Amino acid sequence: MLALVTGGNGMLAGDLVPILEDEGYEVLTCDIEDFDLCEEDAVREYILGAKPDLIIHTAGYTDVEQAEAEPELAMKVNGLGTKYVAQVAAELDVPLVYISSDYVFDGEKNVQYMPDDTPNPLNVYGKSKLVGEKYVQELCKKHYIVRTSWLYGTYGKNFVQTMLERKDVEEIKVVNDQIGSPTWTIDLAEGIITVLDMPYGTYHISGSGKCSWYEFACEIFSCVGAAVKVIPATSAEVPQKAKRPAFSSLKSSIKTKNWKESLKNYLYICDLEVD
Ligand SMILES: NC(=O)c1ccc[n+]([C@@H]2O[C@H](COP(=O)([O-])OP(=O)(O)OC[C@H]3O[C@@H](n4cnc5c(N)ncnc54)[C@H](OP(=O)(O)O)[C@@H]3O)[C@@H](O)[C@H]2O)c1
């Protein structure tokens, strides 16, 4: 069984590939050096040539802030690029897993989002991921749309890494009015394996429980024994180009560990957890 993983150099793929291999898949990874998602013919030619039995599409334009300055490119990569991948998956009649985001929601809800809640993205990135979802639903019957949130892991830039880089500063301001569910890439990768045995459709996979970025930062510093003073701030006090939902916690469709437990596990394997 050959699984093709797009975004092979990315953060999720770094943990997903070995887990797929452990499950008995032969894995082929590809990234922008193999084809640019913006080029329909290149996407089609590469994937048809690879003849995968399963496609896991993790590649994407993932810089939420920069997307506000490059809306056309974000839409091309996440919208049209996903359309091209979905077209080939349908042509090959193979299942497609598309990784989407909590940022397809507007944050107006104050209980966790369910997979069938109505999306209404606030920023360019969220809009482009939603366009990708729509193409997947329209074009490829055998699809899994897997929404996740606040991802961190060993192989990419992420909030945990950013905080750890600041563990020697005296104080740091962190936003306290955006709530979500931190998710370790290992938990997401294992969740994707579980979902592959479930009916086609839309799923949420994120760490269980929820917190603000401020609480997330406090927990990171506490786990590594850093004496940083974390100052809670409003989104208005820490201006960002992209508007974020105030509440984007996802109700995971499968059982996952609590976000604090997963964070500890992650810091433990990084050799950073102190208690
Ligand atoms: N990170 C999060 O917090 C988060 C939250 C929710 C959902 N997601 C979704 O989860 C998925 C995996 O996220 P991640 O953090 O692992 O992403 P990532 O580390 O940014 O990896 C994305 C990969 O896609 C590649 N890529 C970008 N533009 C491309 C193009 N035009 N053609 C081909 N490849 C291209 C990137 O290559 P370059 O590095 O060379 O650009 C990169 O290797 C993404 O679809 C993302 O939208 C992420």
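Reader: In this model, is E237 buried or exposed?
Author: The model is a predicted one. E237 lies in the loop between β12 (229-233) and α9 (259-269). Because E237 has 12 other C-beta atoms within 10 Å, E237 is exposed.

Reader: How many Å apart in space are E237 and V174, C-alpha to C-alpha?
Author: Along the sequence, E237 and V174 are 63 residues apart. In space, C-alpha to C-alpha, the separation of E237 and V174 is 9.4 Å.

Reader: Does Y266 count as buried or exposed?
Author: Y266 is found in helix α9. The limit for a buried residue is 20 or more other C-beta atoms within 10 Å. Y266 has 22 C-beta neighbours inside 10 Å, and therefore Y266 counts as buried.

Reader: Leaving aside neighbours within four places in sequence, with which residues is Y266 in contact?
Author: P232 is 34 residues from Y266 along the chain, and the C-alpha atoms of the two are separated by 24 Å. Beyond four places in sequence, the contacts of Y266 are Y152 and W184.

Reader: Which residues have the most contacts inside the largest nonpolar core?
Author: The largest nonpolar core comprises 74 residues. Helix α4 (residues 71-92) supplies the largest share of this core, 8 residues. Inside the core, the residues with the most contacts are L16, L96 and V146.

Reader: Leaving aside neighbours within four places in sequence, what is V146 in contact with?
Author: V146 is among the residues with the most contacts inside the largest nonpolar core. With neighbours within four places in sequence set aside, the contacts of V146 are V97, I99, S100, I192, V195, Y203 and I205.

Reader: Which residues of α1 are buried?
Author: The cover over the buried residues of α1 includes β1 (2-6), β2 (26-30), β3 (54-57), β4, β6 (151-152) and α7 (185-195). Just after α1, G24 has a positive phi of about 100 degrees. Within α1, the buried residues are M11, L12, A13, D15, L16, V17 and L20.

Reader: Which elements give two or more residues to the shell around the ligand?
Author: The ligand is surrounded by 25 residues, of which the closest are G7, G10, L12, G60 and L151. Elements contributing two or more residues to this shell are α1 (11-22), α4 and β4 (96-101).

Reader: By class, how many residues of the shell around the ligand are charged?
Author: Nonpolar residues in the shell number 11, and polar residues also number 11. The charged residues of the shell number 3.

Reader: At what angle do the axes of α2 and α4 cross?
Author: Two packed helices are described by the angle between their axes and the distance between the axes. The axes of helix α2 (residues 40-50) and α4 come within 9 Å. The crossing of α2 and α4 is right-handed, and the angle is roughly 35 degrees.

Reader: Is G49 buried or exposed?
Author: The place of G49 is in helix α2. Because G49 has 7 other C-beta atoms within 10 Å, G49 is exposed.

Reader: What value near 50 degrees is the phi of K51, positive or negative?
Author: Most residues other than glycine have a negative phi. K51 is found in the loop between α2 and β3, and K51 counts as exposed because it has 11 C-beta neighbours inside 10 Å. The phi of K51, a residue other than glycine, is positive.

Reader: What is the phi of D271 near, in degrees?
Author: D271 lies in the segment after α9. D271 is exposed, because 6 other C-beta atoms lie within 10 Å. Phi is positive in D271, a residue other than glycine, with a value near 65 degrees.

Reader: Which elements do the buried residues of α8 pack against?
Author: In helix α8 (residues 213-223), the buried residues are W213, Y214, F216, A217, E219 and I220. Just after α8, G225 takes a positive phi of about 70 degrees. The buried residues of α8 pack against α6 (159-165), β7 (171-175), β11 (211-212), β12 and α9.

Definitions and conventions
Residues are numbered from 1 along each chain as its sequence is written. This is a predicted model: local features need pLDDT of at least 70, side-chain atom pairs count only at pLDDT 80 or more; totals for chains, interfaces and linings use all residues. A nonpolar core is a set of buried Ala, Val, Leu, Ile, Met, Phe, Trp, Tyr and Cys residues joined through C-beta atoms within 7 Å. Helices (H or I, at least four residues) and strands (E, at least two) are DSSP runs, numbered from the N terminus. Two residues are in contact if their C-beta atoms, placed from the backbone, lie within 7 Å. A residue is near a molecule or strand if its C-beta atom, placed from the backbone, lies within 6 Å of it. Ala, Val, Leu, Ile, Met, Phe, Trp, Tyr, Cys and Pro count as nonpolar, Asp, Glu, Lys and Arg as charged, and the others, Gly among them, as polar. Axes are lines fitted to C-alpha atoms, for helices over the stretch in contact, and angles run from 0 to 180 degrees between N-to-C directions. A crossing is left-handed if the near helix is turned anticlockwise from the far one by less than a right angle, and right-handed if clockwise.
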